[in-house]
Amino acid sequence: MAEPKPTKVCICGGGNGAHTLTGLSASRPNVEVTTITLFQDEAERWAKELKKNDMTVVVTNKDGSKTEIKSKPKLVTKNAKEAVSEADMILFCVPAFAHEEYFKAIEPYVQKGVTIVGLPGQPGFEFQCRDIFGEKASQVAIMCFETLPWATRIAEFGKKVEVLGTKSFLTGSIILGKVPCKKPPLVTVQMLHGPEPLFRQAKHFLEILLMGYSFVHPAILYGRFKDWDGKPLDQEPLFYQGIDESTADLLAACSNEGKEVAKAIMKARPEVNLNDVKDIYDWYMEYYKDDIEDSTNLYTAIRTNKSYKGLTHPMNKEGKGFVPNFASRYLVEELPMGMTVFKGVAICAGVETPKNDMLLYWGQKLMGKEYLVDGKLTGKNVGETRCPQRFGITTLEGVLTGKKE
């Protein structure tokens, strides 16, 4: 009996997540892995290491023990044609701001029936894919997961990566194309990762977008620094575990605005099931139930979450003190690749979002950007975002189908 054809996957990226997924996927039987990284000389450096050594993934298990996995991908390259021409599945493990570069690089070579996976995809992943792929977008499946599956870090570039923790489960959405998938999407993603996390499918892609909670980092920054006097602080303040009750209230209010958007969409389009869009407190209790010491309310849940122990605000050293780093990804990625996308969907759904708007106005001013103007996404920097309006989508029908006006 002939051996089944190998599953061919392409992994996009050269950072912690891409290293981890490359090593794990290449260790699976009958899987052929190609990794593409477009950043500077990463591909050359990584490929050079692989000529001398296998990749090693050291996984810290739930009981504290460690498992060492050795493997080797077929190829690490900067050449998009080499990377994706035969791929059954293409997985993005790069920050959202880099997605556009990868989409444009791979688009000419992606075949019908391929599954494109954002791991994570972040809000607007589907809008951007549809825009760049054009008609080809209807011939592929698009998956979008909410976060990375692990806490992971590169120990030695191209050689060794350490998985410090793995999520128990991960939810993702899928938009199927008109062409049957070359490989079953959810089953294949699960196979590449192994038993954990358990991958689950959302009922609709907007569920993942509305639960992106991209307001969390900006809201915590706002709570700590909205009244900052400009003077350096003596020490770096705790980020999550340093929030006050008013910040927790702001987080809850922003979350409630997301639920209102979900309700409005379901009312306008009853066939769209967004019943699983959760309040942020319920989300915390589901994802961090074993790490939260006091679950009385959102405020206590965040402050007593052991996963956040010791994490501080992004700060820069100034003299003997510290000043906030407003150029961190907590603003420069969360606003254009998160909050503006949510706002764009809310506009299309006809729902006002005053708390999210307030954070957008505050954050964009600090960044020297202009996205939101008089409640509309008409600012001069909207072209740098992934909001639907950037792609010519201005109606709820457009959000749901990709149809442009």
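Predicted model: local features only at pLDDT ≥ 70, side-chain atom pairs only at ≥ 80, totals over all residues.
Helices (H or I, at least four residues) and strands (E, at least two) are DSSP runs, numbered from the N terminus.

Helix α6 spans residues 185-193. Its buried residues (under 20% relative accessible area, with exposed meaning over 50% and partly exposed in between; 1.4 Å probe, protein chains only) include Pro185, Thr188, Val189, Gln190, Leu192 and His193. In the loop between α6 and β12 (198-201) lies Pro197, which is joined to Glu196 by a cis peptide bond with omega of about 0 degrees.

Most residues other than glycine have a negative phi, and most peptide bonds are trans. A further cis peptide bond runs from Leu119 to Pro120, with omega near 0 degrees; Pro120 is found in the loop between β7 (115-118) and α5 (125-133).

Positive phi values also occur in residues other than glycine. Tyr213, in the loop between α7 (205-210) and α8 (216-225), has a phi of about 45 degrees. This tyrosine, Tyr213, is buried, because its relative accessible area is 10%. Asp374, located in the loop between α14 (354-367) and α15 (396-401), has a positive phi near 50 degrees. Asp374 is classed as exposed because its relative accessible area is 73%.

Conventions. Residues numbered from 1 in each chain as written. Heavy atoms only, no water.
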